[in-house]
Amino acid sequence: MTALRQRQPREHNAQHLKDMHALACLICGDDSGCDPAHIRFTAGPDKQNPGAGQKPHDYHVVPLCRRHHEQQHTKGGEREWWRKQGINPLPIAKKLWDARGDFQEMWAIVREFHRVHESMSETPF
């Protein structure tokens, strides 16, 4: 019989969430104000689904503009929505969490993501 794992208290960092508001949206690059978008889908042993009505830890957060944040929660399953965007948000969220407290580094992570993501989506002639 397997033992049930007790849920750990949610990791919360108010400054990290505040910093998300000032970053650019991962999808469209809009930097006029973003929501801290919690990633809710499960993706491996280090990322557990928090359950209905519970927010994930704040280290599973990426910046999304309001329009894309609403789509993240209303366009079918969240995992599928991210797949259609061509983005795995978990490594980006980890990089942003590791840089928490250093807003300039967080901004550089988002800029680099856009640079790489845009170059991958360009179609060669």
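This is a predicted model: local features need pLDDT of at least 70, side-chain atom pairs count only at pLDDT 80 or more; totals for chains, interfaces and linings use all residues.
In soluble globular proteins, nonpolar side chains tend to be buried together. Here the largest nonpolar core holds 27 residues, and those with the most contacts inside it are L23, L26, V62, L64, W82, I92 and L96. At least two residues of this core come from each of α1 (14-21), β2 (61-64), α3 (78-85), α4 (89-98) and α5 (103-121), with α5 giving the largest share, namely five residues. If we take L23 and set aside its neighbours within four places in sequence, we find L23 in contact with D30, D31, C34, P63, L96, F103, M106, W107 and V110.

Now to α4, where P89, L90, I92, A93, L96 and W97 are buried. Why do these buried residues line one face of the helix? Seen down the axis of α4, they fall within an arc of 160°, so they line one face. As background, an α-helix has 3.6 residues a turn, so residues three or four places apart point the same way. On the face of α4 turned away from the buried side we see the exposed residues K95 and D98. At the start of α4, a side-chain oxygen of N88 comes to within 3.1 Å of the backbone nitrogen of L90.

Last, the strands. Strand β1, residues 35-38, is covered on both faces, with D35 and A37 buried on one side and P36 and H38 buried on the other. The strands β1 and β2 run antiparallel and are joined by four bridges, and H38 has V61 as its bridge partner in β2.

Terms used:
Residues are numbered from 1 along each chain as its sequence is written. Side-chain values use heavy atoms; hydrogens and water are left out. A nonpolar core is a set of buried Ala, Val, Leu, Ile, Met, Phe, Trp, Tyr and Cys residues joined through side-chain atoms within 4.5 Å. Buried means under 20% relative accessible area, exposed over 50%, partly exposed in between (1.4 Å probe, protein chains only). Contact means heavy atoms within 4.5 Å. The arc is that of the directions from the helix axis to the C-beta atoms. A polar contact is a pair of N or O atoms within 3.5 Å; within protein, one must be able to donate a hydrogen and the other to accept it, and residues adjacent in sequence count only if both atoms are side-chain atoms. Two strands pair if DSSP finds at least two bridges between them.
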